[in-house]
Amino acid sequence: MQVALGIVTSIAGFVEVGSISTSLQAGATFGFQLLWAIALAATCLIFLIEMSGRLAAVSKHTLADAVRERLGFGYHVVPLTAELIVDFLVLAAEIGGACFALQLLTGIRFQYWALPVALAAWLALWKGTFGAIEKGVSLLGLIALCFVVAAVQLHPRGRDVGAGFLPSLPQHHAPNYWFLVVSIVGATMSPYLMNFYSSGAVEEEWTEDNLVTNRLTALLGMGFGSCVSMCVLIVSAMVLHPEGVKVESFEQGALVLTRAFPYWGFLLFGVTLLVECFGAALEIGMNIAYVPSQALGWNWSENVKPSENARFCLVYTAAIFGAALLMLVGVDPIELTRFSMAFTVLILPLIVLPLLVIMNDERYLHEFRNGWLANAVVIVIVGLAFVLALVAIPLEILGGS
Amino acid sequence: MHLVRDVLDKQLLGNDEERMGKVDGIVLSLRDGRPPRVAFLETGASVLARRVSRRLAEAIEALERRWGIRQGPMRIPWERVRTTGTDVGVDVDARNSSAFAWERFLRERVVEKIPGAKE
């Protein structure tokens, strides 16, 4: 039961404004050719999530806790600041995604929705508990499975889909292709997912008995989550790519489900975008309060009354309404997502590198330290992250437009 | 024990295992002809800020005094340290100590004025 819930949670956590918009763009521009990028990023994420959960279950410390304690404030101040900026931008993008979904559904401009969406998100965090929010977001988030149904109904050719899993060089728009690779990695390996997952494990009082659950949740949850992302790409490749549509706004992407669901595809896309972005906004809102609370050693929990955790609650309050302000002044959510994904990749090496130290520290992990395979994977991810970080900004300039 | 590795930046836990900040600073007392000894552990925003910028630390301390939050950072005598390791346990009533000065200030002045904060 716990594993099933974890899987459902992961699907909901995986599918959000970044993964929906990058998968739509990738499928529309390059057909099935970028499926390998989602598969690669998801495989890396499975390892990173498993480690974050193992750290929390064994040591009762989250990733942000451990980085500060093990590597000191002198190191931590850099990834801490970077993660807070990225989280804030992604939070604004998720609120923007939800607002855009409401614009698609009602015809009322997205700026008008910024404050109501922010108020609803804040209210859910103010009154809700971690478990209630997680279960609500997860169950509603299953609506994203409509992309899986659509992908099956469209009968893609197995050979074409299979070829997409083999990395290949683009025949056209090379900067755009590589920029999408960077964006897919940024959308998949979100730093917030790692810290949020370890914070959730501490909130739910995981112990060493939960290590099997943790491993299965990381593997199956992130695996299924990435399948949904791949299905978004497949549907986009089959519907938008032949028409030559480039997804530069959600309106263009909204037509993607209309071939599989002719009468209500447009509505379904709007509701899916709304639910997934709103759910992700709640998770990022919590994480944006978890990170400074843990770095500075404050009392933190989503499971107690706001008056008992004043600093924790005020951080997410300020972040949610600050992020809504960005949407209110008319920042384009798709542009913001594009920028945030590139920025995420830029900071990824700083976030992943400490795992090499922490996950091998006997005082935190006892006999559950990393084996050679996990360490090798971390080294590969750090290498990959460094390369992508170096090319992220030049590619944003060349290929992001 | 290595002070930087085993004490600095570790989580401080009060009597009831309440999280009460990290060990932001360590105060040593120098003694003639004898090795220095640890006098206090410090925790608070201004101590942490001092590690980045002295002016920022002074600004935080001035703000804390002006708003009546506290008179400088919290100092915990080394004799009150119960345990070290991944966390540093101390013999202090955390919620009533000055480590919770900002928490109390924000709770009374802001959070409790928002509906639903106590439920």
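This note walks through a few salt bridges in the structure above.

1. First, some ground rules: this is a predicted model, where local features need pLDDT of at least 70, side-chain atom pairs count only at pLDDT 80 or more, and totals for chains, interfaces and linings use all residues. Residues are numbered from 1 along each chain as its sequence is written, chains are lettered from A in the order in which they are written, and side-chain values use heavy atoms, with hydrogens and water left out.

2. Searching the whole structure turns up 22 salt bridges over all chains. The term covers a side-chain nitrogen of Lys or Arg within 4 Å of a carboxyl oxygen of Asp or Glu.

3. Have a look at Arg54(A) and Glu50(A), whose side chains form a salt bridge at 3.0 Å, N to O. They sit four residues apart in helix H3 (residues 35-59) of chain A, so about one helical turn separates them.

4. Arg363(A) and Asp361(A) pair up at 3.5 Å, N to O. Arg363(A) is partly exposed at 32%, while Asp361(A) is buried at 7%. Both belong to a salt-bridge network that also links Arg70(A), Arg5(B) and Asp6(B).

5. Over in chain B, Arg37(B) bridges to Glu79(B), with the closest N and O atoms 3.1 Å apart. Arg37(B) lies in strand S4 (residues 34-43) and Glu79(B) in the loop between strands S5 (74-77) and S6 (81-83), so the pair ties together parts 42 residues apart in sequence. Arg37(B) is partly exposed at 34%; Glu79(B) is exposed at 58%.

Key: Helices (H or I, at least four residues) and strands (E, at least two) are DSSP runs, numbered from the N terminus. Buried means under 20% relative accessible area, exposed over 50%, partly exposed in between (1.4 Å probe, protein chains only).
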